[in-house]
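Here is a friendly walk through a two-chain model, meant to be read with the structure open beside you. Take a look at it before reading on.

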Amino acid sequence: MSAAATIPGIGRPRRSGKALPGALWALLLLTPAFVSLASVSFYPIVNGLYLSLTNTSLITQEQDFTGFSNYVELWGDPQFWNAWWHTMWFTAASTVLETVIGLGMALILCEAFKGRGLVRAAMLVPWAMPTVVTSKMFGWLFDGQNGIVNYILLHAGLIDQNINWYGSTDTAMITIIIADVWKTTPFMALLLLTGLQTVPNSLIEAARMDGAKGWITFWYIRLPLLMPTLLIAGLFRALDAFRVFDLVYVLTGGGPADSTETLSTLSYKVLFSTLQFGYGSAVSTAMFVTEGIIALVFCLYLIRQIRRAQ
Amino acid sequence: MDESRKGPRSGSKSIGHVTIADRRQFLIGSAGLLGAAAFGAGTSLGIGRARAQSRAEISFASAAFFGKETFGDLIKAFNESQDRILVKNIELPPPSSSTEVYQGLVQQLARRTGTPDVFSQDVIWIAGFAAAGWALPLDEYFPADKRSAYFTGTLNACTYGGKLTALPWFMDSGMFYYRKDVLEKHGGKVPETWTDMATIAAAAQKAGDIDFGYLWQGKQAEVLVCDAVEIITSNNGAILAPDGKSSLINQKGAVEAIQFLHDTIATNKVSPQDVLSWDEEPSRQPFTSGKAMFMRNWSYVYPIAQDAKASQVVDKVGVAPLPSFPGGKSSACLGGYQLGVNANSKQREAAIELLTWLSSTETQHRIALNFGLAPTRPALFQDAQIKKEQPFMASLEKVFTGATARPITPEYAKVTLALQSGISKALVSGNIQAEMDATAAQIDKIVG
């Protein structure tokens with residue numbers, strides 16, 4: 001940024017005395033933005049990285065530089081990999097489901113029908129709810145004894161005895177994914193709806209004139225044009241889902257048998273229950289790196305899509 | 001915005017809390033300054049000089065408990081009772097936010113500035129604070145003859161490395177709740193062994209007198225460790241070896257005990273599978289709505305069970321010490337808050353005086369009546385006024401006698417996470433020995 005700003009400054013004849021040189025002005029004006037960004041965004045990341053290379057712990061009062069030993073430990077830590085896989089599984093499942101269902105919702109809401117405004121507003125309610133409230137609500141819905149889900153399934157004859165949704169390793173994670181899908185699909189639908197509205201109507205009308213049916217129009221016109229929005233929305237959602245914390249924390253605390261432990265809950269436990277800031281920072285850094293890789297994959301794919309479109 | 005993105009940052013809430021505490025301290029500090037200024041004004045008018053100068057100023061930090069009064073009122077009473085020491089009260093979050101209280105205390109103690117001079121601590125933090133050198137050993141102030149006035153189990157929890165580093169304050173423990181009316185139909189005798197308990201519970205379930213035989217807490221959380229400590233100790237087992245340097249959780253006593261917990265769900269089916277995801281409240285609800293015969297829980301359940309608005313079992317609930325295995329002794333997991341003195345306190349004598357006052361018979365008596373928190377001095381359970389106003393509490397002496405500390409180690413925070421995960425895995429999978437071996441290996445690595 002500063003380099004770009006310097007160039008015109010050099011070319012111009014210097015005005016002496018009264019005003020600062022243009023480059024300095026630019027730098028001066030950028031300073032507040034830079035300082036605020038650096039202090040809230042850059043510094044914590046760097047400090048986290050540094051902490052992850054130390055054995056800092058509030059309990060043992062140690063604070064020595066230990067190189068990569070935290071990462072070596074992390075590499076061989078089954079708890080970490082357990083949480084890593086759960087987080088990836090959660091991210092993939094919830095992102096895919098939310099994208100597919102969100103797309104369906106967006107397509108419906110894109111059509112003109114009576115009361116569309118109302119439906120669009122109502123659709124956003126789950127998303128506007130605090131996640132802790134959603135968590136408690138799903139806690140009751142899927143309650144093993146008195147939950148309505150068990151009640152309905154039991155009376156519909158689909159199960160022959162109550163399922164303990166949060167107490168079984170087979171169902172705990174799935175239930176959390178369902179809760180997340182319910183909550184965040186409206187967000188996806190909203191993003192995709194804006195994307196759909198940028199698809200020119202003339203294209204669709206032209207296709208209809210050529211005799212294309214609904215499905216064909218969707219598959220060959222709307223979807224390709226929606227692709228960049230879809231990818232960006234997916235990226236947002238994936239990065240968001242990767243940090244899942246409240247649902248797990250409220251509903252299961254990571255149990256049973258670590259089957260819902262995610263990287264966020266693990267790093268919370270390591271950082272704030274055992275107060276091992278060094279190792280906890282290493283877990284957080286590993287999260288950061290994984291998120292970076294996810295973002296990279298999405299972006300590369302996105303660039304390829306855009307290139308191909310051109 | 002989406003709440004889930006707060007994940008990694010949720011800690012900042014807690015850190016935020018600490019800054020709030022700091023700010024509060026700052027405010028208290030400035031209030032102190034104002035006070036000093038007021039005193040200054042006072043002295044210029046010729047009043048209270050001697051008093052202002054001779055009072056030692058110390059601070060007291062504790063999780064905030066409520067009752068008919070607060071700890072702030074308690075400290076005020078102390079300040080008014082004498083004119084040598086002036087205590088300022090630093091209020092931490094309530095005990096339900098135990099992790100935040102812990103963080104707040106650790107941050108203050110780690111600064112080694114001597115603030116707070118006196119603090120209260122959950123029993124599981126005592127060893128960590130002692131090992132870090134933050135808690136002053138109290139042996140010289142409280143020799144053996146003064147200690148004998150407290151429950152032994154509480155004293156054990158207050159001792160680290162052979163030194164008394166905390167003074168018992170008030171306590172709670174796990175206990176065995178039973179339904180008097182249902183038990184009457186099935187022998188009428190409160191079971192003293194786990195096997196008897198399971199047999200009676202299964203019979204009552206079979207007869208259709210009750211939905212669930214026995215409720216306990218199997219959620220992967222701290223309470224699971226409490227349930228485990230109780231049942232393991234009642235089979236003469238232990239989680240840590242006496243020297244605290246290795247784990248005994250894969251030994252016979254512990255494995256049999258965990259096997260019994262697993263059997264309650266899988267074999268004799270006296271417990272619903274749901275206990276695996278239940279902590280205290282979810283297990284309390286079916287009990288007070290009359291669906292269960294036996295339950296392990298803390299003392300808070302009793303007042304709820306006696307409240308006609310919340311309970312279907314008013315006057316039908318009894319409390320006893322938890323059962324044990326043949327040849328073992330009933331054991332109750334110890335909870336509650338104990339007192340400590342900051343090793344860096346600059347006003348040691350004053351701090352000891354406050355500590356002594358807080359733990360005195362009179363103050364514990366007052367806390368029992370006004371906060372409903374049970375005393376750590378057995379003698380108080382015979383007190384006529386407590387018997388009259390808190391009859392349930394007075395009946396708990398027998399339960400508290402069996403109070404057992406959770407593993408005493410400065411690494412408790414790591415040990416408990418390993419235990420929660422390992423025991424939960426054992427209960428879910430049924431491979432008790434294999435999971436306990438893995439857990440023992442993990443704990444050995446932490447404490448060894």
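## A helix over a sheet

Let's begin in chain B, where helix α9 (residues 194-206) lies across β8 and β9 and runs at about 145 degrees to β8(B). Helices (H or I, at least four residues) and strands (E, at least two) are DSSP runs, numbered from the N terminus. Contact here means that two residues have C-beta atoms, placed from the backbone, within 7 Å. Angles run from 0 to 180 degrees between N-to-C directions, with axes fitted to C-alpha atoms, for helices over the stretch in contact.

Those strands belong to an open sheet of 4 strands in chain B, ordered β8-β9-β7-β10, with mixed pairing. At its edges stand β8 (212-215) and β10 (317-320) of chain B, each with a single partner strand, so one side of each has no neighbour in the sheet. From one strand to the next, the twist averages 15 degrees. Strands pair if DSSP finds at least two bridges between them; β7 (residues 175-179) and β9 (residues 292-297) of chain B are antiparallel and joined by 4 bridges. Across this pair, Y177(B) stands opposite M295(B).

## About the model

This is a predicted model, in which local features need pLDDT of at least 70 and side-chain atom pairs count only at pLDDT 80 or more, while totals for chains, interfaces and linings use all residues. Residues are numbered from 1 along each chain as its sequence is written, and chains are lettered from A and ligands numbered from 1 in the order in which they are written.

## Chain B as a whole

Chain B holds 20 helices and 13 strands.

An automatic or database domain assignment sets the domain bounds. In chain B, domain 1 covers 55-172 + 334-404 and domain 2 covers 173-332 + 409-447. Their C-alpha centres lie 28 Å apart, and the contact takes 18 residues from domain 1 of chain B and 16 residues from domain 2 of chain B.

## Where the chains meet

The contact between the chains takes 39 residues from chain A and 33 residues from chain B. On the side of chain A that touches chain B, α13(A) gives the largest share, 7 residues. By class, that side of chain A has 17 nonpolar, 17 polar and 5 charged residues. Here Ala, Val, Leu, Ile, Met, Phe, Trp, Tyr, Cys and Pro count as nonpolar, Asp, Glu, Lys and Arg as charged, and the others, Gly among them, as polar.

## Backbone details to look up

Which residue of chain A has a positive phi although it is not a glycine? That is L275(A), with phi of about 55 degrees. L275(A) sits in the loop between α13 and α14 of chain A and counts as buried because 21 C-beta neighbours lie inside 10 Å.

In chain B, R112(B) also is not a glycine and has a positive phi, near 55 degrees. The loop between α4 and β3 of chain B holds R112(B), which counts as partly exposed with 14 C-beta neighbours inside 10 Å. P116(B) is in the loop between α4 (98-110) and β3 (118-122) of chain B, and the peptide bond from T115(B) to P116(B) is cis, with omega near -10 degrees.

How values were computed. Buried ≥ 20, exposed ≤ 12 C-beta atoms within 10 Å, placed from the backbone.
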